[in-house]
Structure formats: C-alpha cells, structure tokens
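Please open the model in your viewer and keep the sequence panel beside it. The stops below are given in the order in which to select them.

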Amino acid sequence: MSVSESPASQEQPEKMYLPRTSESESLKKIRHTASHVMAMAVQKLFPKAQVTIGPWIENGFYYDFDNPEPFTEKDLKSIQKEMVKIINRKLPVIREEVSREEAEGRIKTINEPYKLEILEDIEEPITIYHLGDQWWDLCAGPHLENTSELNPKAIELESVAGAYWRGDETKAQLQRIYATAWETPEHLAEYKRRKEEALRRDHRKLGKELGLFIFSDPVGPGLPLWTPKGTVLRSVLEDFLKQEQLKRGYQQVVTPHIARVDLFKTSGHWQKYKEDMFPLMAEDEQAAAIEQGFVLKPMNCPFHIQIYKSELRSYRELPMRLAEFGTVYRYEQSGELGGLTRVRGFTVDDSHLFVTPEQLDSEFLKVVDLILSVFKSLQLKNFKARLSFRDPASDKYIGSDEAWEKSQGAIRRAVETLGMNYFEGIGEAAFYGPKLDFIFSDALDREWQLGTVQVDYNLPERFDLEYVAEDGSRKRPVMIHRAPFGSLERLIGILIEEYAGDFPLWLAPVQARLLTVSDAQLPFAQEVAQKMRSLGIRVEVDTSGDRMGKMIRNAEKDKIPVMAVVGAKELESNSLSIRTRAAGDVGVIPVEEVLEKMKNAIANFDNF
C-alpha cells in the first residue's frame, strides 16, 4: 500500500487556505494597521521606546524598537492587552500627505532619530498615517479605515528577537517584535496549528533525533557535518540523479573548490556577487590591494566553461552536458543561517549544457522533463513554475537587451509548450541570465525554491566560447544552467520536514531492521541481513536484547520503513513477520519473498 492510499490520508480534512500577505490586499491593510496599533501600544507602555521600521511579512508583521530594557514574554502580554484597548477605542486611521520639510520638523519635535534616517530614503509623496490624534508614523500603507475593523481575537504577538538597525552589525542593536494578524480567529487558530506542526517537523530537531547531521561550534556556523546515516541519504540522492543523468547523456566532471579571482572577474561574479563570496586569499598585502589571489568558488559554471574551452568543439559534439555535484561556498550573514536550508557550504547538483541556438528549445524541454521526473520520484507534487526575469530598471545585470530578450523568450516558449502553470518574478533573475524556478509548497504551505533552469547568452560571450559550425564558421554556443535539486542540503532539509522524517523506502538511510525474540534467533537474523545487503538493501539487526515491545517502539521512533520480527516459528519456517510504517502488520512471509518484494519496491520507488 502506498502512502497516498493509506486510510489516514483519506480521512484528512480539507486544508484551510491561508493566504500570504502578498496575495491579499485585505491582509496587507490588516497587518499594516495592526503593526501601527502594536507600535502605539509599545510607546504607551514604554515611553522611552523609539520606533524604527514595521513592515508586513508573508505570515504577519514585525516592528523594530530601540528600548533601554529587553522586552519579556510578560511585556508581550501587556502590549497585546493595550492593543485590544486601542482597537476598541475605534480610532480612525487617517492618511496625510506632507512635505519633506514638514515631516522632518514633526519628527524632530518628537525626537525620533530613526525616523529621520527613514525619511531620507523616502521618495515623495511623503505620507503619514495617524491613529486618531493619538499616534502617527511614516508609512506608504495601505491601511484599514478604523482600528475597530481589526479583530483582536485574530491577532497574536509571537516573539521577540534581536535585530541590527538596517541589518548592519556595526549599528544599533534593536528589539524586533514578531506578530501575526488575520481576518478571523479561525485563521489564527489554523496558523498556530501549522506553527506547532512545523516545530514537530523541524528538520534541525528531526535531523538530530534520526542521527543525520550535526553542527559544531569549533567548525563554524552554517557548515553541516554529515553522520554515517546522513551520508547514506546524500549518497542515495546523488546516485539516483547520476543514474537519471547517465540515461540522458550527461557526462560527470569534478572541479576544484578554489580558483584564481580573475576567473570570477571574467564571469562577473567578483563584480556582481562579491559581497556573498568569502574574502580573497592573497599572498601578501600588495596582492590583496590589486585583488590577485584565490577565492572559494560561489558557483561551478566558470569551471565547466574551462572544460568546454579546453579544446575547439565541433557542432557534432553539441549538445555537451557536463554535470557535477559541486560544493560551493557563500558568505551568508550569521543571522540569516537556518539549519540546512541556509548554509555557507553546500553541494549543488549542477550541470551546464553547451548547445547550438537551434538546439536550445529542445534541450530546455528535456531538462524540464528531467526535473519533473525527479520531483515525481521524490513524491513532490505541489509546485509551480516561476519565470524569474530581470528588472530592466536595475543595474545588477550583465549583457545586452537582445541577449536577455532571446533567453527570456526561450523560457516562456518552454512553459507555454508544456502548458505549465507559471507566474513571473520580475527581478528574480541571476545577474547573467533569466531562470525557470520551481517553487514547491510543503505540507504546511510554506514555499521553497527547488529545481532551476537558466538560459545564458552572456557567459559564453564573456568567455569567448565558440564551436565550429557545419559550414566551417565559428559560432557562439548558448549555455543552459540547471540544478534539479537546487542544493543537497536544502533539499534534504525540505524532505525531512515534508516527510516528517518518515522517508520512503527507497530513500530511508536504514530500510529494514530485524528484531529477534531471543538470542537464539540472532544467527538466523544475521544471515537474512547479509542476504539483504547483497541485494543493496540497507538493514540493521537489533542486538540490544530489549523486550520485543521496546524494540518495536525504538524502530518506530527511528522511523524504519520495514520491521521484521524473528521468533521460533519464523526461524523454523524460514520466514519473517513483517510490520511496515506504511501498512502496519503485513503478516508472516517467506524470507525469499520478502527479499524479492523489498528489491522490487525499492527499484520502483514504492513501499513494501
């Protein structure tokens, strides 16, 4: 029985839809207004508190305060009570446009220095929103018309965290109050339920409980260490994709972890991506001053380009598909790190295809087919496609308008050919080219970017790549960058939470555990285990000597897909009493039949 067919899943009630702020104008108004009410309440209770910024976020809002004393959980309760009083006073929310000089004067009168800094960055018209005649702040809105439109039973203050002013570690340390607000108490209750479920599924907690990975202070933040079981999980995913790629004509390569900085100057990473790269390793101060030395690679593409460029290619060799599980390094800020989903060193299932312009559309479609095949095997069904295009008003991109129009056109043709549901993300492109990103919604409706495909006319131009065309002329290839997983670390973190640590049989680090009623059955269990290993089945024998009930509970806790109990009857009949997490007690089955069923289930990405 597959997981999707289990009785438990059939009885699941229909999930309540909780829109994100960006999807709902009414939520924007509610959360903008609630954030002002919260800030007013804070300044009423803590007169020395100065306000900074208070934007909405996808599931709520926050406000940053400079307050002499740290806020406590007790303070949050007091603030929420004060918010209820403000809401019940039915204060009108009044929008006012003012001149820069008028705004500056008012801010100086109330001695709010952070607002003066904010004012410097605001373009006219400058708008102020008032809560009656009691409180005001600079804000672009939108807002409700009256505080009474807020439902106090649909608002909750959640937590306090530290935050630097402007996100700069050299500036003032502020206190950030996170909160959420919804249209109805039922929406708030569902949101809280999902938060509790997210804690239960948290990959950092489950990863530790299942013994998959650790973080170590002496090693450093954002640098995971993979245990034997976690390494099995990584290896299974790598081997799975390598086999898929082998069927589709990919060639595996291996490249170094560092390179001369000049390589990344040519690619444009040093100019456009420098702040996300680890610092230059220079031999001396003079070399550092002229930016000569080595850097840890943030991307694999310049290395694959060098392999392509190592000899003159013919059109007959194209498309050339180079693939690598390449570890890259990004100097993420410590406050932005988060378990496996945001790390400083991670392995990308990277590939770069060098194609003729005529091959571009068909190769792009083949890459998308590979990604969809991977998602199907991983049981990831709830995703949508984002056309990540450039923002023409931004200067962060390289290359000509013509190159961008051609590459964006190729991506649009592909999704329209496939009839995929998609939306456009203007400004989400890589600096060298647009992308087709696959945005996955997990069991808690959180969104993650997984697979990506990029069309690139710019790096072939910057590295002067060529091939000999059929007529003997030299022509420029087009590059396709693609990564079905995105990164192994992020993918594994997402899968742990999506499955709640309950991996499907083919992916589980330990696929079966043999449990013996007494030591008399241990030799037989070890013999069966060896047969399983010879078939590539990952198996353990419980040699703890615990009572059977405890061994079963431990196997359940460790989320082992198949448990095989061996007692005197099973020993005598050369069979196993099978219990699976997907279907419960299956019955007593001959050993050879168990081996055959497990082998077939694993090969077909199915349960026992």
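**First stop: helices on a sheet**

Begin by selecting helix 14 (residues 401-418), which lies across strand 17, strand 18, strand 19 and strand 20 and runs at about 160° to strand 17. Helices (H or I, at least four residues) and strands (E, at least two) are DSSP runs, numbered from the N terminus, while axes are lines fitted to C-alpha atoms, for helices over the stretch in contact, and angles run from 0 to 180 degrees between N-to-C directions.

This is a predicted model, in which local features need pLDDT of at least 70 and side-chain atom pairs count only at pLDDT 80 or more, whereas totals for chains, interfaces and linings use all residues. Residues are numbered from 1 along each chain as its sequence is written, and side-chain values use heavy atoms, with hydrogens and water left out.

Next, colour the sheet itself: 8 strands form an open sheet with mixed pairing, in the order 11-15-16-23-20-19-17-18. Its edge strands are strand 11 (251-252) and strand 18 (422-426), each of which pairs on one side only; two strands pair if DSSP finds at least two bridges between them.

**Second stop: strand 8 and its partners**

Move to strand 8 (residues 173-181), where 7 of the 9 residues are buried, that is, under 20% relative accessible area, with exposed meaning over 50% and partly exposed in between (1.4 Å probe, protein chains only). Strand 7 (residues 155-164) runs antiparallel to strand 8 and is joined to it by 9 bridges, and Ala-161 stands opposite Arg-176 in strand 8. Strand 3 (residues 60-66) is also antiparallel to strand 8, through 5 bridges, and here Phe-61 stands opposite Ala-179.

Beyond residues up to four places away in sequence, Asp-137 touches His-36, Val-51, Tyr-63, Lys-115, Thr-127, Ile-128 and Tyr-129, where contact means heavy atoms within 4.5 Å. With Tyr-63 the side chain of Asp-137 makes a polar contact, side chain to side chain, at 2.3 Å; a polar contact is a pair of N or O atoms within 3.5 Å, and within protein one must be able to donate a hydrogen and the other to accept it, residues adjacent in sequence counting only if both atoms are side-chain atoms. If you draw a distance between the C-alpha atoms of Asp-137 and Met-40, which are 97 residues apart along the chain, the separation is 9.5 Å.

Then select Glu-238, in helix 8 (residues 228-247), which counts as buried because its relative accessibility is 16%. Apart from its neighbours within four places in sequence, Glu-238 is in contact with Phe-325 and Leu-488.

**Last stop: the whole model**

Finally, zoom out to the protein, whose secondary structure comes to 20 helices and 28 strands. The C-alpha atoms fill a box of roughly 90 × 75 × 55 Å along the principal axes, and 51% of the 608 residues count as buried.
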